[in-house]
Amino acid sequence: MKTIMIDPGHGGSDPGATYKGNEEKNFNLLTALVVRDYLVSNYNVKVLMTRTGDQTLSLSDRCNLANRSNLDFYLSIHHNAGGGTGFESYVYNGSVPTQTLSYQKIIHEEVITAIKPFKVTDRGKKRANFHVLRETKMPSMLVEVLFVDNSKDVALLIDLKFRQAVGFSLAKGVAKALSLPAKESGKKPLFKVIAGSFTERKNAEDRVKELKAASFESFIEREC
Ligand SMILES: [Zn+2]
């Protein structure tokens, strides 16, 4: 089973970007929990979190945790600030594991498609020298969902429907990128009784006769 770590950026004494009482760390955690819950409900995957509450964690704490957890993917979730609007994703701007760029493409496109109805700007697939991208050894990606200092973006961030659209699409994108097996929903297993396999049809017919004589319904199925 594949293992993924979701990292809600900042937390505890580090609120991240703040604007008019909106703290980035809270939006990061809310979105991360939606991603985790969607993944564990719909796919066979192990999901680890760097934090599930308002804990303080340094950037190296996060990377150390990731690097000793035998991960297939690390996803850091942030929200932006500084006078812009829209969604962007990042991978490291140095050398990266081979799958990283294709993972970014798949996940980025999944999110953009899902949030298009909310008229969110696509700021693009980017590369940067971010600590958690540089120091994690497995494919890793960081998303900046929307801007906490933009009133139009904040209106979306406080809307559960929007947070679910982002969270579900991040989860679906991760699942698609890593080919996570979907959980079978409500499908019951089927148990078959086999009473013999033969290379000669004659021997199979004899077995059917024996079974019929003992009142067991049976039939021959040809397998090539
Ligand atoms: Zn941040």
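In which sense do β6 and β8 pair, and over how many bridges? The pairing is antiparallel and runs over three bridges. The legends below describe close-up views of this predicted model.

**View 1. The two domains of the predicted model.** Domain 1 covers residues 3–177 and domain 2 covers residues 192–224. Taken over C-alpha atoms, the centres of domain 1 and domain 2 are 57 Å apart.

**View 2. The open sheet of six strands.** Strand order is β4-β1-β5-β8-β6-β7, and the pairing is mixed. β4 (46–49) and β7 are the edge strands; each has a single partner, so one side of each has no neighbour in the sheet. From one strand to the next, the twist averages 20°. Between β6 and β8, which pair in the antiparallel sense, E88 stands opposite E144 of β8. Helix α1 (residues 24–42) packs on this sheet, where α1 touches β1 (3–8), β4, β5 and β8. The direction of α1 makes about 145° with that of β5.

**View 3. Strand β1 and its two parallel partners.** Five of the six residues of β1 are buried, leaving the strand mostly covered. β1 runs parallel to β4, joined by four bridges, and I4 stands opposite V47 of β4. β1 also runs parallel to β5, here through five bridges. The bridge partner of I6 in β5 is L75.

**View 4. Helix α3 across the sheet.** α3 spans residues 100–115, 16 residues in total, and reaches 23 Å from first to last C-alpha. This is close to the 22 Å expected at 1.5 Å a residue. The helix lies across β5, β6, β7 and β8 and runs at about 175° to β6. Its buried residues are T100, Y103, Q104, I107, H108, E110, V111, I112, A114 and I115. Their cover includes β5 (73–80), β6 (87–92), β7 (122–128), β8 (140–147) and α6 (160–177).

**View 5. Helix α6 and its packing partners.** α6 has 18 residues and reaches 25 Å from its first C-alpha to its last, close to the expected 26 Å. Buried residues of α6 include F162, A165, V166, L170 and V174. G167, S169, K172 and G173 are also among the buried residues of this helix. The buried residues of α6 pack against β1, α1, β5, α3, β8 and α5 (151–157). Just after α6, S179 takes a positive phi of about 50°.

View 6. I107 is one of the buried residues of α3.

**View 7. K119 in the loop between α3 and β7.** K119 is found in the loop that lies between α3 and β7. Is K119 buried or exposed? K119 counts as exposed because 10 C-beta neighbours lie inside 10 Å, and the cut-off for exposed is 12 or fewer. K119 and Q164 are 45 residues apart in sequence, and their C-alpha atoms are 15 Å apart in space.

Terms used: Residues are numbered from 1 along each chain as its sequence is written. This is a predicted model: local features need pLDDT of at least 70, side-chain atom pairs count only at pLDDT 80 or more; totals for chains, interfaces and linings use all residues. Domain bounds come from an automatic or database domain assignment. The expected span of a helix is 1.5 Å times one less than its number of residues. A residue is buried if 20 or more other C-beta atoms lie within 10 Å of its own, exposed if 12 or fewer, and partly exposed in between; C-beta atoms are placed from the backbone. Two residues are in contact if their C-beta atoms, placed from the backbone, lie within 7 Å. Two strands pair if DSSP finds at least two bridges between them. Axes are lines fitted to C-alpha atoms, for helices over the stretch in contact, and angles run from 0 to 180 degrees between N-to-C directions.
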